[in-house]
Amino acid sequence: MNKLGEVFNDKKAMIVFITCGDPDLETTRKMIEAVISHGADIIILGIPFADPTAEGYMIQQSYLRALKNKLSVDQIIEFVRKLRVEIKIPLIFKTYANIVFNYGIESFLAACKEIDINGLILSDIPYEEKEEFQPLCRKYGIDLISMIVNAPASRIQAIIKDADGFVYTPSTIDAEKIATMVHQNSTLPCVLQSDSIRDIPQTGSFDGIMIDTLIIELLEKYGSASYKQISNLQDLIQYLKKRR
């Protein structure tokens, strides 16, 4: 079992998205440390892209703020390299295909392996186009994470069959139905993607929760001091306590 899979062994996983460099990398570091100290199991690190059309408004704005600092992929890789001295939980990069293409697919994945990135989400790559990435991801031991939305059962089953690490599904669709299909057709964990803790159902067969915009909301409200507010997020803390 790989590092991502181990997280789901005996609990529901808490997965938190954080944009690298919003508003700067030092704040990003403090935020990562803060959410880990309060129980996060996996961190998704967004590599900003100038045209993030597959994201919601808040992530789009977060990416654009980060890019104002002329943040590069090399800077982010070096940032994670330093993080890995202390931080051992699984890390996932989330970005767009053009970022990886411009860097060079194999060069990017080799760098990810070197800094112990455990998974990759490419927001604009549909199932039909993943073959350009998945074989190389597997070569370097990096799980290419798949999203499942409402679709014919045959397509959902095909995605499940080829998926690595875990799959995730948005809370805005019939997510419980998809989670059931995942568990009937594989041993992969199925994660519910949600903007807010308040949107998470009290019951369900999900193996984890992926929170997308919680940190961005804090950054917009408190700026670089946001990491100090993590302890005040009662909804998050209570969820973390209950899921064990």
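## A strand covered on both sides

Strand 9, residues 208-211, is covered on both of its faces: Gly208 and Met210 are buried on one side, and Ile209 and Ile211 are buried on the other. Keep in mind as you read on that this is a predicted model.

What are the pairing partners of strand 9? Strand 1, residues 13-19, pairs with strand 9 in the parallel sense over four bridges, and Val16 stands opposite Ile211 there. Strand 8 and strand 9 also pair in the parallel sense, over four bridges. In that pairing, Gln193 stands opposite Met210.

## The largest pocket

If you are looking for open space, the largest pocket has a volume of about 680 Å³. Its lining counts 32 residues, and those closest to the centre are Ser123, Met147, Val149, Tyr168 and Gln193.

Which element gives the most to the lining of the largest pocket? That is helix 3, with three residues. Helix 3 (57-67), strand 4 (119-122), strand 6 (146-147), helix 8 (153-162), strand 7 (167-170) and strand 8 (190-194) each supply at least two residues of this lining. Sorted by class, the lining has 17 nonpolar, eight polar and seven charged residues.

Helix 8, one of the elements that supply the pocket lining, has Ile156, Ile159 and Ile160 as buried residues. Viewed down the helix axis, the buried residues of helix 8 fall within an arc of 100°, so they line one face of the helix. As background, an α-helix has 3.6 residues a turn, so residues three or four places apart point the same way.

Strand 6 and helix 9 (175-185) are among what covers the buried residues of helix 8.

## Backbone details in the loops

The peptide bond from Asp22 to Pro23 is cis, with omega near 0°, and Pro23 is found in the loop between strand 1 and helix 2 (25-37).

Lys70 is not a glycine, yet it has a positive phi of about 55°. This residue sits in the loop between helix 3 and helix 4 (73-83), and its relative accessibility of 71% makes Lys70 exposed. Asp116, also not a glycine, has a positive phi of about 60°. Its place is the loop between helix 6 (105-114) and strand 4, where Asp116 counts as partly exposed at 29% relative accessibility.

Definitions and conventions: Residues numbered from 1 in each chain as written. Predicted model: local features only at pLDDT ≥ 70, side-chain atom pairs only at ≥ 80, totals over all residues. Heavy atoms only, no water. 1 Å grid on protein atoms, 1.4 Å probe; cavity = no way out; pocket = protein on both sides within 12 Å on 5 of 7 lines; lining within 4 Å. Points joined across faces, edges and corners; volume = space filled by probe spheres on them. Nonpolar A, V, L, I, M, F, W, Y, C, P; charged D, E, K, R; others polar. Buried < 20%, exposed > 50% of the residue type's maximum accessible area, 1.4 Å probe, protein only. Arc of directions from axis to C-beta. Contact = heavy atoms within 4.5 Å. Pairing = 2+ DSSP bridges.
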